[in-house]
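Trainee: I would like to learn how to read a sheet. Could you walk me through one?

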Amino acid sequence: MATSDPAVLLGVRSGMSPWIDIARGAADEIRRSTGWRIILHLTDAPLRPGGLIRGRIRLVGAICRMGGSIDQEALDRLGCPAVVVSNNGTPHRCPRVGVDETAVGRLAARHLLGLGLRRFSYANSPAHFSQERGRAFAETVIAAGCDCLIADAHGEDDRRRFLARLTGLAQDGPIGLFAANDGLATSLVHWLLEAGLPVPERVAVLGVDDSADAQLAAPMPLSTIPLPGERIGVEAAHLLIDLVGGAQPPITPLLIPPALVLTRRSTDLTAGLEPRVAAALRFTAAHAHRNFAAAEVVAAAGCGRRTLE
C-alpha cells in the first residue's frame with residue numbers, strides 16, 4: 001500500500017517584510033523538527049488545493065497570512081489544522097501567532113523619549129495594526145507627561161493638514177514622529193524636507209519593519225523597529241506541530257514583542273553635541289527596549305555623573 005508524504009502549506013505575501021522572515025522561520029523549524037515537506041503559496045494568487053497538492057503529498061497543516069486568497073472558508077476547505085500569522089482584521093477562528101503591536105508602540109515611545117524629546121506625533125495608516133501601535137505610543141508618551149498629536153497621513157489632503165500641524169508644533173521645539181510603518185516614514189521624511197523641516201534636527205522620524213525597499217527610497221538612513229518575523233515563524237511551527245499531534249488550540253494569541261530599535265540618521269540627534277552628552281544620548285536611545293541603571297549611562301558617557309549632569 002502506497003504511503004503519502006506529509007506537507008505543510010505556508011501562505012504568505014510575496015516579497016514583503018516580515019513575511020519572508022516568517023516563512024523562513026516556519027519552514028526551517030518544520031523541516032528540522034518533523035521532516036515534513038513545505039508547500040509555498042503566495043496569498044495574492046488563488047488558492048486551489050488540488051493544484052498545489054499532487055501525487056503522494058498529504059496536507060497535514062497550514063501557517064497562513066489572512067487576506068487575499070486566504071479566508072476562513074479557504075482554511076476550512078483545506079481540512080487540516082491552521083495557524084494564522086497576521087493581524088489585518090480578517091475574521092478567522094484559528095489560533096494566532098503574531099507581533100505584539102502594543103509593545104511596538106511602547107518601544108517607539110521609549111526610544112524617542114530617550115532622545116530627550118518632549119513633543120510627539122503618530123502618523124496613522126489604514127492598516128488594522130496601526131491603531132494598536134498608535135494607541136500604545138500615545139499612552140506611553142502621555143504617561144511621561146508629554147502631548148501626542150495623532151493624525152492620518154496617507155492621503156494628499158491628510159498630508160497637507162498633518163504637515164501644517166507639525167510645522168506649528170515644531171515652532172515650540174523638536175518633535176519625535178513615529179510612523180506606522182517604514183513606507184509611511186519614508187514618505188514623511190521626503191514631505192518634511194520639502195516643507196523645510198530638517199530631519200532629525202526639527203523632526204526625528206522612526207518607522208517599523210526594517211524594510212529594504214523603504215531604506216532604498218528614503219533620503220537618509222531610516223531609524224526603524226524590526227519585527228520579529230523569524231521568531232513568529234518558529235513559534236507558529238511549534239504550535240502547528242502540537243495541533244497536528246492532537247493538542248487543543250490556545251484560547252489567546254501568542255504575541256511576540258520586538259527586540260530593539262535600529263538607530264540610524266533619521267533619529268540621530270547627537271550631531272553637534274558635546275561628545276560625552278552625545279554618547280549618553282546614544283546609549284539611552286539604543287537601550288530603550290530594556291530597563292537600565294543611571295550608572296550604565298554614566299559609564300557609556302565615560303565621565304562622572306556630576307560632569308554629565
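Predicted model: local features only at pLDDT ≥ 70, side-chain atom pairs only at ≥ 80, totals over all residues.

Mentor: Gladly! Residues are numbered from 1 along each chain as its sequence is written, and side-chain values use heavy atoms, leaving out hydrogens and water.

Trainee: What counts as a strand, and when do two of them pair?

Mentor: Strands (E, at least two residues) and helices (H or I, at least four) are DSSP runs, numbered from the N terminus. Two strands pair if DSSP finds at least two bridges between them. Strands of a sheet pair through backbone hydrogen bonds, either parallel or antiparallel. Here, strand 9 and strand 10 (residues 223-225) are parallel, with three bridges. Strand 8 (residues 175-179) also runs parallel to strand 9, joined by four bridges.

Trainee: In what order do the strands of the open sheet lie?

Mentor: The order of its five strands is 7-6-8-9-10, with parallel pairing. Strand 7 (147-152) and strand 10 are at the edges with a single partner strand each, so one side of each has no neighbour in the sheet.

Trainee: Are the faces of strand 9 covered or uncovered?

Mentor: For this, we use buried, which means under 20% relative accessible area (1.4 Å probe, protein chains only). Both faces are covered: V203, V205 and G207 are buried on one side, and A204, L206 and V208 on the other. Strand 9 spans residues 203-208, and six of its six residues are buried.

Key. Buried < 20%, exposed > 50% of the residue type's maximum accessible area, 1.4 Å probe, protein only.
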